[in-house]
Amino acid sequence: MVLSLHLIALALYGVATALALAPFLGVGAPARVAMLAASAAGAALHVVGVSQLSVVGLAPSLSLLALCLILLQLASEAVLRASAVALFTAPLAAGLVGLALLLGLAPGAEVASGRGAWLLLHVALSFFGVAFLALAFIAAALYLLQFRQLKTKHFGQMFQHFPPLERLDRLNQFALVVGFPTLTLGVLLAIGYAVRFAGAVQVDKAQIVWGMFTWVVLGWAVWVRVVRHWTGRRAAFASIAGFAAVLLVYVALKLAAPGAERFL
Amino acid sequence: MSASESVSITVLGVNHVTAPLEVRERFWLPGHEVPAALQRVLAAGAQGGVVLSTCNRTEFYLADRGNGAPAAVWALLTERLGDGRAAADFGYVRRDRDAVRHLYRVSAGLDSMILGESQIQGQVKEAWELSRPHAGPVLHRLFQSALAVGSRVRTETGVGMGNASAPSAAVAIAGKIFGDLAGREALILGAGDMAELAAACLVSEGVRVSLVANRTYERARAIAEQLGAGSRALTLDEAWEHFSGVDIVICSTAAPHAIVTWQRVANALAARRRRPLCILDLAVPRDVEPAVGQLENVFLYDIDDLQAVAAAAAAQRRSEIPHAEHIVDQEVEEFWTWYGGLAVVPVLRDFRRRLEAVRAAELERALKHLPDLTPAEREQVEHLSEALLNKFLHQPTVALKAAAQDGRGYALLDALRRLFGLETPRE
């Protein structure tokens, strides 16, 4: 059941990817509702699939991250009509679900209720935090591409189908400002969980150092946005730097300590 | 529907292809003058009329019997011209199926100066509503179907896609920078026609054109008044300090050299806190130094850029014409089937009634000479006469209905009327 639901969600995310790419492949713009429907149907099945998983381990984590991305894509589309976000989120979600399936997904064991709620909150906040930062990165990338189209006076498919600059700037700011504290809270809950249920925090020095580095870079990106009132291109570059830090540090730590039994 | 008996549909008028602006503007009929104009045409014999008057066309759609109504329209338009020239020299006449096709093409934007523009559909609707008391059943149906055809063409084809005029391209570009344009502020430098058009497009999107600067203050004030409340006039010298506050600047002065320099804009940017500034330079020669476009967060477009956007959209629209024309053809056929049937039914009814009367009279006379017939035999004779009548009527009925649907029915109907003396034929 879990596998079937994930496979169907994967197929629907694939359809959403194809629909998002259609205007750039010369096929013509599909109806907005078709792309929304494919993503929403995939997300609905994906929610059911994820609800049957234990949230411990790399494969379920990737699946959950993919779901968070699609949910944020749908929210961006509904609130800001930023349908071009799907250009990134749909293939990314499809890739993450595909990778999760390759790593192996199976229904998980029940976790004790008190610990379960704590763990669930930590996982949900952490992945939504990462997904928000990914959304900020996507909005920043779209901003820079649209900015370039406007400056160089290229009025092609990107110009036509990408959202306006100001809308992308707002999306970037919102995702960054929400994503950073959400992720921070998720990490703090992880520390609290470790202290309360395992007696101590068991992380190595590299994780602490690189984790702090990431937090500082992200904090700087938020600070320049909120306190220094950076907007536009500079703010987009700051967001990209913040998400790049998250991504690079994760990959580096994963390479240093490989294994599919843990997300980090 | 007796009103449709022998009534043909005619359109007479002028448009942007047949008449220059100075003629079209004299023919333009404001809404309050339409009822009087229609009453005059109806008094000349038309069964119904609708007037469509926009900046690009003035057209009278008539349901008429081929009498004096068209002449009355030309007389009315010639009076408006008022300089001894004949209005008919600038105009065109389309009848029946061609008139229906013409209105459908107009409603779909296929006959517009800017191919596929959507404003015309609203104007067709407005014209119909304004003329409704004088339209009559045939034109009522025609205009309803024309609005449906316009919607269908725009939905099923790409003929209305993109921004096919320079002013609408300007709005599209500004929209890609600012998103929602409502509440944005614009400054106009100069008073060119294109700038006024672009400003009107921006105002329709909710932009507040709050400042109009021109070398002559009076002209600036005239434009500001035309643009509505909230707009105010400035001299050119006063305009520079406002660069830091507005979102969009439209330049259209007649200056022989660039007046918006890199230095002026760079000075204004410091106070803008990196807010984007969109400058639309519509002047030839250009009002803005090209280097201004290299400033961070300044988006500079000249008339060539806007025309490139418009041309790309127009080319895309042109490729959709065959599909749009195909839809128009289909819809003309559908209307004509309805309309043809409408015209044939009363004539066939009269025809049958006339022959039935002849049959009844001849039967009665014949039976007087055959007093020995039994009731069954009389019934047989009566049945024979009815069968013969039906056989004789079958082929003409089928042929008339088919001819009416092909658009050739009116000549046959007239012939039928003449041959059997059904009523006074059309002139």
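Author: Two residues are in contact if their C-beta atoms, placed from the backbone, lie within 7 Å. By that criterion, the contact between the chains takes 12 residues from chain A and 15 residues from chain B. The model is predicted: local features need pLDDT of at least 70, side-chain atom pairs count only at pLDDT 80 or more, and totals for chains, interfaces and linings use all residues. Residues are numbered from 1 along each chain as its sequence is written, while chains are lettered from A and ligands numbered from 1 in the order in which they are written.

Reader: Which helices of chain A each supply at least two residues of the side that touches chain B?

Author: They are α5 (113-152) and α7 (165-198) of chain A; helices (H or I, at least four residues) and strands (E, at least two) are DSSP runs, numbered from the N terminus. The largest share, 3 residues, comes from α7(A).

Reader: How many helices and strands does chain A have?

Author: Chain A has 9 helices and 0 strands.

Reader: What makes Ala220(B) a buried residue?

Author: A residue is buried if 20 or more other C-beta atoms lie within 10 Å of its own, exposed if 12 or fewer, and partly exposed in between; C-beta atoms are placed from the backbone. In helix α8 (residues 217-227) of chain B, Ala220(B), Ile223(B), Ala224(B) and Leu227(B) are buried, so each meets the threshold of 20 or more.

Reader: How do you know where on α8(B) the buried residues lie?

Author: Seen down the axis of α8(B), they fall within an arc of 100°, so they line one face of the helix. The arc is that of the directions from the helix axis to the C-beta atoms. An α-helix has 3.6 residues a turn, so residues three or four places apart point the same way.

Reader: Why is a set of residues called a nonpolar core?

Author: The name applies to a set of buried Ala, Val, Leu, Ile, Met, Phe, Trp, Tyr and Cys residues joined through C-beta atoms within 7 Å. The largest has 135 residues, and those with the most contacts inside it are Ala131(A), Ile188(B), Ile250(B) and Ile279(B). Helix α5(A) gives the most to this core, with 19 residues. Leaving aside neighbours within four places in sequence, Ile250(B) is in contact with residues including Ala186(B), Ile188(B) and Leu280(B). A second, separate core of 58 residues includes Val7(B) and Tyr339(B).
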